[in-house]
Amino acid sequence: MKVGKPFIIGLVLNAAVLIASLYAAVNINYMFALLVWIDLLIYSYSRLEKRSMLFAFLLTFFVFLMGRDFLELFFKYKVENFSEEINSHAYSCYLVSLVSIGLSYMVFERLKKRGAGAVRPKTYDESYLIILRKLSFAVFIVSAAFAIISEMNVVKFVGTFGYHSYYTDYSELLSGNSLLYAFSKIGLMMPIALSIYMATMPGKKEFKIVMILYVIYAVISLGTGQRSGFMLGALWFIVYMIFRGGTNPEDGWFKRKYMFYLVCIFPLVAIFNSFYSIWREGSAFEINSVWGQFVDFFYSQGTSSNAVKRAYEYVDQIPKGFTYSFEFLRSGILGRILGIPIYHGNTIEHALYGGSFTHALGYVVLGTSYLAGYGPGSSYIAELFYDFSYMGVIIGSVIYSWLFVNISNIAGKPPFIFSICLSVLTQLLWAPRSSFSGFITVLFYPTTWIAYLVIFGFAQCLHSGRATGNRKLNHDGRGV
């Protein structure tokens, strides 16, 4: 039997982790979680064009959840004062989630392969796709202009009042200024319009135009003190380009050597993020070693592991009466339909009555610091465990796995379904640091519905009108 390169790499890495774990007396649950993570990463990379979504999620999982613990356990770097019970709980949650994702992914992928032979690939009217592409491009350009103006206003606000004031005061400022409010809402249509445009499978040159414009917006957004938009946007494009590389290999969308380039660039990105965090907090710059800044990136980004631990530690103090995993029911259009008050910002009301685990945990853990704009963040694992214990972590992870498989095999689906998958992609990648149902929440924003109604509605009207006109011309021609 021929032994492949992934198997050899996996064997070496697993042996290295086992030896290092025994030497450093690492918690056994974390050790097994790390082994599963490594094996899943190799598994997803072995067929990257079909498993890019899983691969990207595993990267964010490590950075946001496992990286901080990795440094503490293996290098004794800034060890925090959590009890062994709390730490072991967090590591068990990581292990349960990763195993659930890995096993269910393999099952769903196999089922997908079996069903692929029985379903004939669908083709769609090229004229309709062209209309949809032009309309979504136009809406993207317009909404991007409003989004950039809106972000520049946030940059000005943060520069004047500070980064944390954005979470306490900016929503009030926005609600009191109808013009800024309108600009921000129109700007929220940008990623939806872009998702629809990408779902029409544009050419590589066409795609570069929208990508450059989005990068300009993302760079400006860094001035607000928030880097999530920039980092998730980059992952979004990478996943899409890997997908297009699999469906259109002749166009050279993504080559394996590009992954090497990304690995080389990553340390620079990590070091930039470390300095960026210092600037955002208004702290004094201290030039440490390059290695020190690189290590600090993983430590500072891994705060979501503390959210899992704090949620377990303060379980009796977190406001009761909510199923936090279903936060989407208390926001957007659904919240308004159900008559549920919708809260914004870091306020006592949001923490106690908003049904948001991020805000509830933030107020319990930080108190007055939360009201000043600070927060510990959240994680889909923390929410699912709080609501449904380990069974919730298992079921939620299986749901994510099902979504990963379907997103990675979206080729040939209708543009509407394709665009929805692209719209929720960043929220799924953000889940290790955010809410479980964030991917549903974004679909029920009023701006999301407006964008879909405008673009698909006009596209259908224009296409139907053109088809009617063509039929009339054909009829008249036969009557001559």
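**Salt bridges in the predicted model**

Four salt bridges are counted in the structure, a salt bridge being a side-chain nitrogen of Lys or Arg within 4 Å of a carboxyl oxygen of Asp or Glu. The structure is a predicted model, in which local features need pLDDT of at least 70 and side-chain atom pairs count only at pLDDT 80 or more, while totals for chains, interfaces and linings use all residues. Residues are numbered from 1 along each chain as its sequence is written, and side-chain values use heavy atoms, with hydrogens and water left out.

One of the salt bridges joins E109 to R51, with an N to O distance of 2.9 Å. Because E109 belongs to helix α4 (residues 84-116) and R51 to helix α3 (residues 48-75), this pair ties together parts that are 58 residues apart in sequence. Helices are DSSP runs of H or I with at least four residues, numbered from the N terminus. E109 is buried, at a relative accessible area of 7%, and R51 is buried at 6%; buried means under 20% relative accessible area, exposed over 50%, and partly exposed in between (1.4 Å probe, protein chains only).

Helix α3 also contributes D69, which forms a salt bridge with K309. The closest N and O atoms of K309 and D69 are 2.6 Å apart. K309 lies in helix α13 (residues 304-313), so the pair ties together parts that are 240 residues apart in sequence. Both K309 and D69 are buried.

A further salt bridge links E313 and R310, whose closest N and O atoms are 2.9 Å apart. Both residues lie in helix α13, three residues apart, about one turn of the helix. E313 is partly exposed, with a relative accessible area of 36%, and R310 is likewise partly exposed, at 25%.

Notes
Helix = DSSP H or I, 4+ residues; strand = E, 2+ residues; numbered from the N terminus.
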